[in-house]
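The sequence and the model come before the description.

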Amino acid sequence: LKMHVLQPKHSKLKSSDVEELFKKYNVSEKQLPKIKIDDKSLPEGVKSGDIIKIEREENEAKTEYFRIVSD
C-alpha cells in the first residue's frame, strides 16, 4: 500500500521505544489517543494495543504524535 505524499509517516513502535515514550512523557497506555485498527494510514501487520508514531513535517519542523491502535 503506497502512502500519499501529503500523508504523515505512520510507524509501529518497538516495545523498548514504548517504554521510553511512557517514561519521557510520564504517560500510560490509557492516556494515549486512539486510532482505529481499520485506519488506512496504519502500516500492515499492526494489531490492537500497538503504539503508532505519526511524524508530521511542517515548515521544516518535525512533530511527533503517538496513538494506540484500538478495535
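## Salt bridges and fold

The count of salt bridges comes to four, where a salt bridge is a side-chain nitrogen of Lys or Arg within 4 Å of a carboxyl oxygen of Asp or Glu. This is a predicted model, in which local features need pLDDT of at least 70 and side-chain atom pairs count only at pLDDT 80 or more, while totals for chains, interfaces and linings use all residues. Residues are numbered from 1 along each chain as its sequence is written, and side-chain values use heavy atoms, with hydrogens and water left out.

| Pair | N to O distance |
|---|---|
| Asp50 and Lys12 | 3.6 Å |
| Lys47 and Asp50 | 3.6 Å |
| Glu64 and Lys53 | 3.2 Å |

Lys12, Lys47 and Asp50 are linked in a network of salt bridges. Asp50 is buried, with a relative accessible area of 10%, whereas Lys12 is partly exposed at 42%; buried means under 20% relative accessible area, exposed over 50% and partly exposed in between, with a 1.4 Å probe and protein chains only. The side chains of Glu64 and Lys53 also meet in a salt bridge, and because Glu64 lies in strand β4 and Lys53 in strand β3, this pair ties together parts that are eleven residues apart in sequence. Glu64 is partly exposed, its relative accessible area being 39%.

### The sheet

Four strands form an open sheet with mixed pairing, in the order β1-β3-β4-β2, two strands being paired if DSSP finds at least two bridges between them. At the edges are β1 (9–12) and β2 (34–36), each of which pairs on one side only. Neighbouring strands of this sheet are turned by 40° against each other on average, direction ignored; the axes are lines fitted to C-alpha atoms, and angles run from 0 to 180 degrees between N-to-C directions.

Strands β3 (residues 51–58) and β4 (residues 61–70) pair in the antiparallel sense over eight bridges. At 73% relative accessibility, Asn59 counts as exposed. On the other pairing described here, β1 and β3 run antiparallel and are joined by four bridges, with Ser11 standing opposite Lys53 in β3.

### The helix and the cores

In helix α1 (residues 15–25), the residues Val18, Leu21 and Phe22 are buried. They cover an arc of only 95° around the axis, which puts them on the same side of α1; the arc is that of the directions from the helix axis to the C-beta atoms. The face turned away from this buried side carries the exposed residues Glu20, Lys23 and Lys24. The buried residues of α1 pack against β3 and β4, contact meaning heavy atoms within 4.5 Å. Just after α1, Asn26 takes a positive phi of about 50°; Asn26 is found in the loop between α1 and β2 and is exposed, with a relative accessible area of 68%.

The largest nonpolar core has eight residues in all, namely Leu13, Val18, Leu21, Phe22, Leu32, Ile51, Phe66 and Ile68; such a core is a set of buried Ala, Val, Leu, Ile, Met, Phe, Trp, Tyr and Cys residues joined through side-chain atoms within 4.5 Å. The elements that give two or more residues to this core are α1 and β4, and the largest share, three residues, comes from α1. One of these residues, Val18, touches Leu13 and Ile51, not counting residues up to four places away in sequence. Apart from this core lies another, of six residues, among them Ile35, Val46, Ile52 and Val69.
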